[in-house]
Amino acid sequence: VERMAAAAASERAAASDLPAAPGIEDYVTYAALHSPELRARFEEWRAALERVPQAKALPEPRLSYAYYVEQVETRAGPQRHRLSLMQMFPWFGTLRLRGDVARAGARAAYERLEGARLALAQRVKDAYYELYYLSRAVAITKENVELLRYVESVARSLYRVSRGEYADVLRTQVELDKLRDRLATLEDARRPVVARLNAALNRPPDAPVPWPTVIPHQRLAEAAPLLAWMREANPELKAIEAEAARHGAAVELARKDCYPDFGLGVTYIETGHAAVHNSDSGKDPVIVELAVELPIWRGKYAAAEREARARLRGAWHSLAARRNALTAQIELALFKLRDADRKITLYGEALLPRAEQGLKATQTAYKAAKASLTDLIDAERVLLAFRLARARALADHAQRLAELEMLVGRDLPLQPAKPPKTKKTEAEQPEKPTSKTGDRKDEKE
């Protein structure tokens, strides 16, 4: 335990701050090394480990001293002082069972520590991926603001040459103001998300956090073993199993309490010289004692055993209930993961390319007076909605993987996602501003 504490202290000293461009693993490592919650769980585990040698130790020996106010006259002489030492010994196997109870409690504390570590990593990843979505949403919305500015300039130009209506200019300005308000809302939403991430990192809420520029887009290699892995590796279930083992050992310990404890002692009596000299005069007697603790209150021991059995049954019921709840959580997370994966594919391979082509065609038609401003704005709205929806799906997908990793209790088998079957796709990194013609450069996932 001391070596682990020293290693953790040295790691905290080595990782006192984040790198200039931190990634998700940097945040997770920093949080694990600085989290007060994990430190509290670690100290609870250390305290539980220290209970093991205490539980296995013998009761303290009892030393007693007696002074005879009135000396007891015996044939060997007057007795003036008595010194006794007694050591009690529990029934056979009692100390081993006490150690088993303490060790099971330490195992439960360790699993709670592991559970807290996984939950902390999930909170960090969830906030990080939400921040990524905001960065993408802000970048996409800024591009659409630039696009609407260009549309407004086109509407003004058409109005000047009497090929357009002034209402088109006003409507473009209204749409532009609405989009700017949306952009302000997205930028303002960054503050609470950054505060959430910094809370997990044990940093001040306003500590600087750069915009994430990329997240790993990976897919789950196999989902069939997830429930089996959850039953084997989930720290919360393992903690309940350790508690059940502790209560099982407590049942056996309650049975042992029905048997007597034995004591072995020695007594020394200081004796003076007898008034009438004899061969035993002045000899100090030494007495060996044997004590037995009588467990006569049978009702108390029976109640203790019933209590231990009830706690054991409660632990197994809690295990079954938590296992059912985790199974439902995994199924829901898998559904959301599959749904996000479908959306990523749908928007990346089908909807976004078509929306981009539709916007470009509508721009050309509008400049040629073959399409209305309403058609152009609708096309721009559709593209904005699709791009934001795909960014949301990417963040949701990563968040669900982090949630599944926490629920299962182990690393998941992941594989890189295949790039969309199209040249024009939304990039993982913030996009470059759209040109005045509305075209976008080809990007890779």
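Before you click anything, here's the idea you need for the first stop: a nonpolar core is a set of buried Ala, Val, Leu, Ile, Met, Phe, Trp, Tyr and Cys residues joined through side-chain atoms within 4.5 Å. Keep in mind, too, that this is a predicted model.

**Stop 1: the cores.** Select Tyr27, Val124, Leu197, Leu201, Ile215 and Tyr366: these have the most contacts inside the largest nonpolar core, which has 65 residues. Now colour the helices that give two or more residues to this core: H2 (24-34), H3 (36-56), H4 (94-160), H5 (166-188), H6 (190-201), H9 (298-367) and H10 (373-408). Which helix gives the most to this core? That's H4, with 25 residues.

Zoom in on tyrosine 27. Skipping its neighbours within four places in sequence, you'll find tyrosine 27 in contact with Leu18, Pro22, Val124, Tyr128, Leu197, Leu201, Val209 and Pro210. Then pick Ile240, Leu319, Leu337 and Leu404, which are included in a second, separate core of 17 residues.

**Stop 2: arginine 123.** Head back to helix H4 and select arginine 123. Is arginine 123 buried or partly exposed? It's partly exposed, because its relative accessible area is 34%, and buried would mean under 20%. Show side chains, and you'll see arginine 123 make a polar contact with the side chain of glutamate 37, at 3.0 Å.

- Select arginine 112 and glutamate 243, whose closest N and O atoms are 3.4 Å apart in a salt bridge. This pair links distant parts of the chain, with arginine 112 in helix H4 and glutamate 243 in helix H8 (residues 235-256), 131 residues apart.
- Select glutamate 305 and arginine 255, whose side chains meet in a salt bridge at 3.4 Å, N to O. Here helix H9 holds glutamate 305 and helix H8 holds arginine 255, 50 residues apart.
- Select glutamate 152 and arginine 156, a salt bridge with its closest N and O atoms 3.5 Å apart. Both sit in helix H4, four residues apart, about one turn of the helix. Glutamate 152 counts as buried at 14% relative accessibility, while arginine 156 is partly exposed at 33%.

**Last stop.** Select Glu175, Lys178, Asp378 and Arg381 together to see a network of salt bridges linking them.

Methods. Residues are numbered from 1 along each chain as its sequence is written. This is a predicted model: local features need pLDDT of at least 70, side-chain atom pairs count only at pLDDT 80 or more; totals for chains, interfaces and linings use all residues. Side-chain values use heavy atoms; hydrogens and water are left out. Buried means under 20% relative accessible area, exposed over 50%, partly exposed in between (1.4 Å probe, protein chains only). Contact means heavy atoms within 4.5 Å. A polar contact is a pair of N or O atoms within 3.5 Å; within protein, one must be able to donate a hydrogen and the other to accept it, and residues adjacent in sequence count only if both atoms are side-chain atoms. A salt bridge is a side-chain nitrogen of Lys or Arg within 4 Å of a carboxyl oxygen of Asp or Glu.
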